[in-house]
Amino acid sequence: MRARTLPSLRSRGRNRPVCDLAATAAQRDDASITTRTILIAAFPRVQTLDVFGPAEVFGTASQLRGDEAYEVRVVASTPGLVRTSSVPLHAEELNDGPLDTLLVPGGRGVHRADERLVEWVAGAAKRARRV
């Protein structure tokens, strides 16, 4: 039995198939998106993958769109380096500015998150379109 190649998955001279999503502006349902702010709350011992995984997803979405549809920022109650489950990351100060999506990751330190961060998350969740 001979395998069929789908037209949309032809290799086009590459070593991996290319799959076009929303290939033309007329087919896109996200054409009206302005830059959306994604805030990821960080705390000591946060699970690294819970921070960097979503950051990569939104970063890749912006790259595929060819613009800056998403601005991903990591925030913490104490700005600067935050020790995660594996590597330190740099976090910005908590802020009351506009946001589209609030992500609250997990990790071993979740039960030790300070009161300031917990209160900020409660307030930010009311402002966010998605939590």
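Across which strands does helix α1 (residues 48–65) lie? In this predicted model, where local features need pLDDT of at least 70, side-chain atom pairs count only at pLDDT 80 or more, and totals for chains, interfaces and linings use all residues, helix α1 lies across β1, β2, β4 and β5. Residues are numbered from 1 along each chain as its sequence is written, and side-chain values use heavy atoms, with hydrogens and water left out. Helix α1 runs at about 160° to β2; axes are lines fitted to C-alpha atoms, for helices over the stretch in contact, and angles run from 0 to 180 degrees between N-to-C directions.

The protein chain contains 2 helices and 5 strands, arranged along the sequence as β-α-β-β-β-β-α. Helices (H or I, at least four residues) and strands (E, at least two) are DSSP runs, numbered from the N terminus. The 5 strands make up an open sheet of mixed pairing, in the order β3-β4-β2-β1-β5. Its edge strands are β3 and β5 (101–103), each of which pairs on one side only. From one strand to the next, the twist averages 45°. Two strands pair if DSSP finds at least two bridges between them.

Strands β1 and β2 are parallel and share 6 bridges, and the bridge partner of Ile38 in β2 is Val72. The pairing of β2 with β4 is also parallel, through 2 bridges; here Val75 has Glu92 of β4 as its bridge partner. Strand β3 (residues 80–83), in contrast, runs antiparallel to β4, with 4 bridges between them. Arg83 is bridged to Pro88 in β4, and a hairpin of 4 residues joins β3 to β4.

Of the 131 residues in the protein chain, 31% are buried (under 20% relative accessible area, with exposed over 50% and partly exposed in between; 1.4 Å probe, protein chains only). The chain exposes about 9000 Å², of which carbon and sulfur atoms supply 54%; accessible areas come from the Shrake-Rupley method with a 1.4 Å probe. Among contacts (heavy atoms within 4.5 Å) between residues at least 6 apart in sequence, 65% join residues at least 24 apart.

A nonpolar core is a set of buried Ala, Val, Leu, Ile, Met, Phe, Trp, Tyr and Cys residues joined through side-chain atoms within 4.5 Å. The largest such core has 21 residues, and Val74, Leu89, Leu102, Leu117 and Trp120 touch the most other members. At least two residues of this core come from each of β1, β2 (70–76), β4 (88–93) and α2 (115–127). The most, 4 residues, come from α2. Beyond its neighbours within four places in sequence, Leu117 contacts Ala41, Ala42, Phe43, Ser77 and Leu94.

Not counting residues up to four places away in sequence, Thr37 touches Glu71, Arg73, Pro98, Leu99, Asp100 and Thr101. Glu93, in strand β4, is partly exposed because its relative accessible area is 33%. Glu93 lies 18 residues from Val75 in sequence, with 5.6 Å between their C-alpha atoms. Apart from neighbours within four places in sequence, the contacts of Glu93 are Val75, Ala76, Ser77, Pro79 and Arg116. The side chains of Glu93 and Arg116 form a polar contact of 2.5 Å (a pair of N or O atoms within 3.5 Å; within protein, one must be able to donate a hydrogen and the other to accept it, and residues adjacent in sequence count only if both atoms are side-chain atoms).
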